[in-house]
Amino acid sequence: MIASAVAVALLGGPCATAARADWSGDGNADILAVDPGERLLLYRGNGAGGFLGGTGEPIGSGWGPFTALLSPGDFNGDARPDLLVRRSDGVLLLYRGNGAGGFLTGMGEPIGSGWGPFTALLSPGDFSGDGNPDVLARSSDGALLMYRGNGAGGWLTGLAEEIGSGWQPFTAVIPGGDFSGDGKADVLARQADGTLLLYRGNGAGGWITGGGERIGAGWQDFTALAGGGDFSGDGKADVLARQADGTLLLYRGNGAGGWITGAGERIGAGWASLGHLTLAAQWRPPPAPPAPPSAPLPDGRVRLTAGIRCTPPGGRLRVSLRVRPRPGRPAPRVLKVVFFARGGPRRVDRRAPYVVRLRMDRPSG
């Protein structure tokens, strides 16, 4: 007798990607800055350590009074990067991005108050390891605090968790992206003497060692630093540094906690008057649990073959499935194969060869 079987192919959640910094939605890293006219400018990256056009594109006005600009990635959970800004009165605002270099409404939504006393604000992405971007804040006494995002434009509890102390002497604290290459968000800090330190995150809201590792010297003269993404296009987190004369330098990370050359590469001039230099970070989803290579059926085995590259929203993910009979047993009769991504698209295939392309509404693989 020929057995009947129903094979179900289940794809996991979003796949992990290299730390990019894409605000415009074209897949290349971008930079945001505020000019003396209080305009928010978008500098579109070309994906190779340079710019498309070379000039800033105004995407907002009235941004002069803000005292901090953060790029947390997808803070509200709609698969588009967002921005967080702090007003002079200490109110924290969320600006929802439209995924194409602009904003959904252009209006900031208050998501917190009392943020004025913090001496540094940064968003390293998902620092706590729950898949949602978080915010780190340094208080005047040097305590480093973590605010866990809830993935829907707010906070899990609204309460700060102290994750470090003695951070007050640092003259700059910036997101490092996955600078060490271990798949976890890191933080970079500059000492007054120009030493640049790497603090390796443990992926669970803390640190691997708690101590900073020296990764550079002579950084004291830079008037602005930005990090948290891959600007050079090689899949490794980089750092941007501005000299006093307005020259913008790119330091290419090697993906292992250091630099490819150790020397800054000139990528721009005339940046002296720009404020809030920000590498617009794109949310980095946590790795999905690997799907088992095969799933047992009463009279056969199902093999799932999916793309190993991350498929962006709007793209199609090709998935194929093969049924192999067991030796000495009749081939199973497959009634149907259901392909679906958890919380995403779904398709049914009733005839071999079982191959579908799922249009994704979020990064998957």
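Analyst: The part in question is an open sheet of four antiparallel strands in the order 13-14-15-16, where strands pair if DSSP finds at least two bridges between them. Its edges are strand 13 (172-177) and strand 16 (213-216), each of which pairs on one side only. Neighbouring strands are turned against each other by 35 degrees on average, direction ignored; the axes are lines fitted to C-alpha atoms, and angles in general run from 0 to 180 degrees between N-to-C directions. Strands here are DSSP runs of E with at least two residues, helices are runs of H or I with at least four, and both are numbered from the N terminus.

The model is predicted: local features need pLDDT of at least 70 and side-chain atom pairs count only at pLDDT 80 or more, while totals for chains, interfaces and linings use all residues. Residues are numbered from 1 along each chain as its sequence is written, and side-chain values use heavy atoms, with hydrogens and water left out.

Leucine 197 has arginine 214 of strand 16 as its bridge partner.

The structure holds 28 aromatic pairs, counted for rings of Phe, Tyr and Trp (its six-membered ring) with centres within 6.5 Å; planes under 30 degrees apart are stacked, over 60 edge-to-face and the rest tilted. Tryptophan 167 and tyrosine 199 form a tilted pair, 4.6 Å centre to centre with 40 degrees between the planes. Tryptophan 167 lies in the loop between strand 12 (161-164) and strand 13, and tyrosine 199 in strand 15, so the pair ties together parts 32 residues apart in sequence. Both tryptophan 167 and tyrosine 199 are buried, that is, under 20% relative accessible area, with exposed meaning over 50% and partly exposed in between (1.4 Å probe, protein chains only). Elsewhere, Trp23, Trp63, Phe66, Tyr95 and Phe103 make up one aromatic cluster.

The largest nonpolar core has 17 residues, among which Ile31, Phe51, Phe231, Leu240, Leu248, Trp271 and Leu277 touch the most other members. Such a core is a set of buried Ala, Val, Leu, Ile, Met, Phe, Trp, Tyr and Cys residues joined through side-chain atoms within 4.5 Å. Beyond four places in sequence, phenylalanine 51 has contacts (heavy atoms within 4.5 Å) that include Ile31, Phe231, Leu248 and Trp271.

Leucine 52 is found in the loop between strand 3 and strand 4 (57-60). At 44% relative accessibility, leucine 52 is partly exposed. Its contacts beyond four places in sequence are Asp26, Arg44, Gly45 and Asn46.

For the protein as a whole, there are zero helices and 27 strands, and 50% of the 365 residues count as buried. Of the contacts with a separation of 6 or more, 45% join residues 24 or more positions apart. The mean pLDDT, the predictor's confidence in each residue from 0 to 100, is 86, and 82% of residues reach 70 or more. Over residues 1-19 the pLDDT is below 50, although this stretch has 70 contacts in the model beyond near neighbours in sequence. Residues 283-287 are also below 50, with 19 such contacts. Where pLDDT is low, the predicted coordinates should not be read in detail.
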